[in-house]
Amino acid sequence: MARDRGFRVIKLPPYHCIFNPIELIWSQMKNNIRRNNTAPKFSSATIDIIREEASKITAEMWANCVRHSTKEEDQYRARLLTPLIINLEESSDDDSDYFDQ
């Protein structure tokens, strides 16, 4: 369905929740629920608190979480990838630089 609409779905690496903005939102929401919930688990009051906390999620919060995840991805990618430098000024038909003699 996503591909039909022009989107590309990529899977996140397991155990890397910092790359997934919804995990950051969910974490904030859970902390607020824990802080404000005095009712027994799964009571109607708890459901009301969950709804209230969900309604507090703003577009700005999403943008901040996406920005943070993107920054984490960039830092992760930078650590994994070593720079490849190709010197275009030198020319050599000799492969001796690349192989041990």
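In helix α3 (residues 59–80), the side chains of E73 and R77 meet in a salt bridge (3.6 Å, N to O); a salt bridge is a side-chain nitrogen of Lys or Arg within 4 Å of a carboxyl oxygen of Asp or Glu. Helices are DSSP runs (H or I, at least four residues), numbered from the N terminus. The model is predicted, local features need pLDDT of at least 70, and side-chain atom pairs count only at pLDDT 80 or more, while totals for chains, interfaces and linings use all residues. Residues are numbered from 1 along each chain as its sequence is written, and side-chain values use heavy atoms, with hydrogens and water left out.

E73 and R77 are separated by about one helical turn because they lie 4 residues apart in α3. E73 is partly exposed at 27% relative accessible area, and R77 is partly exposed at 41% (buried means under 20%, exposed over 50%, partly exposed in between; 1.4 Å probe, protein chains only). R77 also forms a salt bridge with D74 (3.1 Å, N to O).

In helix α2 (residues 44–55), R51 and D48 form a salt bridge (4.0 Å, N to O). R51 is exposed at 57% relative accessibility, whereas D48 is partly exposed at 46%. A network of salt bridges links E52, E53 and K56. The count of salt bridges comes to 5.

Helix α1 (residues 21–36) packs against α3 at an angle of about 125°, with the axes 8 Å apart. Axes are lines fitted to C-alpha atoms, for helices over the stretch in contact, and angles run from 0 to 180 degrees between N-to-C directions.

Methods: Helix = DSSP H or I, 4+ residues; strand = E, 2+ residues; numbered from the N terminus.
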